[in-house]
Amino acid sequence: DALEALPFQWPLKPYGRDKSSDKTAVINKGAETYLYMDQLESRGLYDRRNPTGPLPTSLRPQLNGILQKEGLKGVTVDRMFEILSSNGSGSDSDGDRYVTNESIENLPMFRDEDGLRKDSADYFDFVRLLGSDSISWD
């Protein structure tokens, strides 16, 4: 429930905090734009053949709202729980795993190169956590 309650906002930011990600972020910007436009069209919010229609950027709040209402697929929640619960969390007397604040804080995505705690994680940290083959927009 907590994961699903997090807000979804387009565009996906930040594009990378460390300088090594800058070039990748610039290159991937075109892919994000294509994905954004595809999501607008597939939901009937935008028609690129209509020159009098709204600007795609003006539809961000509407698309954000729709995506937020759609929620997360069960497989997404399961994958996140698997990752979070395998990182120093515990299990109860029945063997059911659970996630603690400490296990989340100790995720590699919240540590910098020197092992110090970071206040936030960016998209690239998230991809490293999940594994690029685990990400799907379908």
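## S85 and its contacts

Leave out the neighbours within four places in sequence, and S85 is in contact with R97, Y98 and V99, where contact means heavy atoms within 4.5 Å. S85 sits in helix α4. Helices here are DSSP runs of H or I with at least four residues, strands are runs of E with at least two, and both are numbered from the N terminus. At 6% relative accessibility, S85 counts as buried; buried means under 20% relative accessible area, exposed means over 50%, and partly exposed is anything in between, with a 1.4 Å probe and protein chains only. S85 also pairs up in space with S103: the two are 18 residues apart in sequence and 7.3 Å apart, C-alpha to C-alpha.

What about the rest of α4? This helix covers residues 74-85, twelve residues in total, and reaches 16 Å from its first C-alpha to its last. That is close to the 16 Å expected at 1.5 Å a residue, the expected span being 1.5 Å times one less than the number of residues. Besides S85, the buried residues of α4 are M80, I83 and L84.

## What kind of model this is

This is a predicted model, so local features need a pLDDT of at least 70 and side-chain atom pairs count only at 80 or more, while totals for chains, interfaces and linings use all residues. Residues are numbered from 1 along each chain as its sequence is written, and side-chain values use heavy atoms, with hydrogens and water left out.

The protein averages a pLDDT of 74, and 66% of the residues score at least 70; pLDDT is the predictor's confidence in each residue, from 0 to 100. Confidence is highest in α3, at a mean of 86, and lowest in strand β1 (residues 90-91), at 62. Where pLDDT is low, the predicted coordinates should not be read in detail.

## Overall layout

The protein has six helices and two strands. Going from the N terminus, the elements run α-α-α-α-β-β-α-α. Among contacts between residues at least 6 apart in sequence, 40% join residues at least 24 apart.

Buried residues make up 25% of the 138 residues. The accessible surface comes to about 9700 Å², and 52% of that belongs to carbon and sulfur atoms. These areas come from the Shrake-Rupley method with a 1.4 Å probe, and for residues only the protein chains shown count as cover.

## R43 and its partners

R43 is in the loop between α2 and α3 and, at 27% relative accessibility, counts as partly exposed. Neighbours within four places aside, R43 is in contact with L63, I66, L67 and E70.

R43 forms a salt bridge with E70, with the closest N and O atoms 2.7 Å apart. E70 itself is partly exposed, with a relative accessible area of 47%.

On another side-chain link, R43 makes a polar contact of 2.2 Å with Q39. A polar contact is a pair of N or O atoms within 3.5 Å; within protein, one must be able to donate a hydrogen and the other to accept it, and residues adjacent in sequence count only if both atoms are side-chain atoms. Q39 has its place in helix α2 and is buried, at 8% relative accessibility.

## The salt bridges

How many salt bridges does the rule give? The count comes to three, a salt bridge being a side-chain nitrogen of Lys or Arg within 4 Å of a carboxyl oxygen of Asp or Glu. The R43 and E70 pair is one of them.

R48 and E41 meet in another, at 2.6 Å from N to O, and E41 is partly exposed, with a relative accessible area of 26%. R49 and D47 also form a salt bridge, their closest N and O atoms being 3.0 Å apart. Here R49 is exposed, at 70% relative accessibility, whereas D47 is partly exposed, at 32%.

F124 is found in helix α6 (residues 123-130). Is F124 buried or exposed? At 13% relative accessibility, F124 counts as buried. F124 and M109 are 15 residues apart in sequence, and their C-alpha atoms are 8.9 Å apart in space.
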